[in-house]
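Work through the exercises below with the sequence and model open. Try each task before reading its solution.

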Amino acid sequence: MKVSLFGTCLVDMMKADIGIATVELLEHLGCEVDYPEGQICCGQATYNSGYLEETKPAMKRMIDIFENSEYVVSPSGSCIYMLHEYPHIFKDDPVYGPKAKALAEKSYELTQFIVDVLKMEDVGATFNGKVTYHPSCHMTRLLGVKNAPLTLLKNVKGLEFTELPKKEQCCGFGGTFSVKMGQISEKIVDEKVEHVKETGAEYLTGADYACLMNISGRMQRLGVPVKVIHIAQILNSR
């Protein structure tokens, strides 16, 4: 099975180790992985800020870059959801409308791809530690991926899973929201940090690095000694 990695901006520029873990995991599961050159931002930040027309060239670039891919997989539910918005955005475009629909139909968040496409619930990972999981808003509420990450985590040997209280609450990041509404964002993430502390977990994981980055930054400032690790890195642990 051939898979094209959609790296995302944050992974590409700030956390390449998440991208590496994703590739290694997919290859371990028997996939042939490539990384189409020329991929750029999916356009989520500017689109959510109201700059639709200005964002369309970037979206078209992404559609073209992945046009010949068999599957498109990313370690970010939020960014994959953005690709699923493309058919709506280009619904009246005779050229990019059909191409956008084709891209959305073959695009998956990493854990969603493993469980729903590869039909695997145990990837043979081993990770020793007490772990809690933050479900990101875009991935759960919009993309609709809720159970796949938990299924995979609960089959990791040595991992002690503990549920995050009020897990459905936003972490306060929200892309540009955290910049435009910084004080409100801070209060929201403070609540999230308190819930993480309640679990007694050694590790916080999730499937969207943007959320993890936000929570991690706040925990560091507050002196909370919980380690943050992307789910791809846990599933790639042997």
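This is a predicted model: local features need pLDDT of at least 70, side-chain atom pairs count only at pLDDT 80 or more; totals for chains, interfaces and linings use all residues.

Residues are numbered from 1 along each chain as its sequence is written, and side-chain values use heavy atoms, with hydrogens and water left out.

**Exercise 1.** Find the buried residues of H2 and state where they lie around the axis.

Solution. Helices (H or I, at least four residues) and strands (E, at least two) are DSSP runs, numbered from the N terminus. H2 covers residues 16-28. Its buried residues (under 20% relative accessible area, 1.4 Å probe, protein chains only) are Ile18, Gly19, Ala21, Thr22, Leu25 and Leu26. They span an arc of only 160° around the axis, so they sit on the same side of H2. The arc is taken from the directions from the helix axis to the C-beta atoms. After H2 comes Gly30, with a positive phi near 95°.

**Exercise 2.** Identify the pairing of S1 with S2 and with S3.

Solution. Two strands pair if DSSP finds at least two bridges between them. S1 (residues 2-5) runs parallel to S2 (residues 32-34), joined by 3 bridges. Lys2 has Glu32 as its bridge partner. S1 also pairs with S3 (residues 71-74), parallel, over 3 bridges. There, Val3 faces Tyr71.

How values were computed: The expected span of a helix is 1.5 Å times one less than its number of residues. Buried means under 20% relative accessible area, exposed over 50%, partly exposed in between (1.4 Å probe, protein chains only).
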